[in-house]
Amino acid sequence: MEYYNYLKSLHLIFVITWFAGLFYIVRLFVYQIEANEKTSPEKEILQAQYKIMAYRLWYIITWPSAVLASIFAFWMLFFTEAGHVWLAQSWMHVKLCFVFLLYLYHGKCHQIFKQLQRDEVKYSNNFMRLWNEGATIILFAVVFLVVLKSAINWIFGVIGIILFSVLIMLGFRFYKRIRERK
């Protein structure tokens with residue numbers, strides 16, 4: 001059982017670095033999109049720098065963290081006694097659905113990353129700011145599920161983060177209006 005705690009610790013470390021990468025990559029997307037609106041030579045300088053930063057973050061931190069978090073999760077779930085117990089519980093099924101959503105979110109971020117590396121801007125910086133909240137909502141749901149170990153109580157956590165996201169969006173709109181006045 002002691003090695004289970006090592007697996008869990010490694011899993012948590014890589015989940016944290018995975019989320020850090022997801023949060024920051026979308027921020028870099030915002031900067032890349034905003035750089036696209038600049039004039040030469042600032043535009044080319046910023047685009048080149050943000051591409052390097054995004055590339056390193058994506059392939060040196062985010063992808064390896066996602067893979068390692070998944071390896072340790074599978075190891076815990078399928079090759080330990082505790083994992084077999086967790087797999088039989090409904091809260092874990094709901095958590096795994098959110099993990100699946102996280103993989104979809106990661107995949108969409110990868111698609112956006114590739115587009116921006118080719119200088120294809122298909123989304124606005126405002127869309128990216130809102131897109132960044134997707135990982136936050138998934139994080140809240142998963143943390144509440146794991147801590148409360150209830151397939152029902154996580155709903156209150158998700159409702160809370162949705163309300164929090166609405167407040168962030170209202171704050172974003174307010175800030176945008178202030179920025180546009182200047």
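**Exercises: a cavity and a helix pair**

By the grid rule used here, this predicted model has one cavity of 30 Å³ or more. A cavity is a set of points on a 1 Å grid over the protein atoms alone where a 1.4 Å probe fits but cannot get out. Residues are numbered from 1 along each chain as its sequence is written.

**Exercise 1.** Find the volume of the largest cavity and sort its lining by class.

*Solution.* Start with the volume, the space filled by probe spheres set on grid points joined across faces, edges and corners: about 40 Å³. Next, pick out the residues with an atom within 4 Å of a point: Gln32, Gln47, Lys51, Leu116, Asp119 and Val121. Now sort them: two are nonpolar, two polar and two charged. (Ala, Val, Leu, Ile, Met, Phe, Trp, Tyr, Cys and Pro count as nonpolar, Asp, Glu, Lys and Arg as charged, the others, Gly among them, as polar.)

**Exercise 2.** Work out how H1 and H5 run relative to each other.

*Solution.* Take the axes of H1 (residues 2–36) and H5 (residues 125–148): they come within 9 Å and cross at roughly 175°. Axes are lines fitted to C-alpha atoms over the stretch in contact, with angles from 0 to 180 degrees between N-to-C directions; helices are DSSP runs (H or I, at least four residues), numbered from the N terminus. The pair is therefore roughly antiparallel, the word for angles over 145 degrees. Finally, look at the contact (heavy atoms within 4.5 Å): its residues include Phe19 and Phe23 of H1 and Trp131 of H5.

Notes: Predicted model: local features only at pLDDT ≥ 70, side-chain atom pairs only at ≥ 80, totals over all residues. Heavy atoms only, no water. 1 Å grid on protein atoms, 1.4 Å probe; cavity = no way out; pocket = protein on both sides within 12 Å on 5 of 7 lines; lining within 4 Å. Helix = DSSP H or I, 4+ residues; strand = E, 2+ residues; numbered from the N terminus. Parallel < 35°, antiparallel > 145°, perpendicular 65-115°, else oblique.
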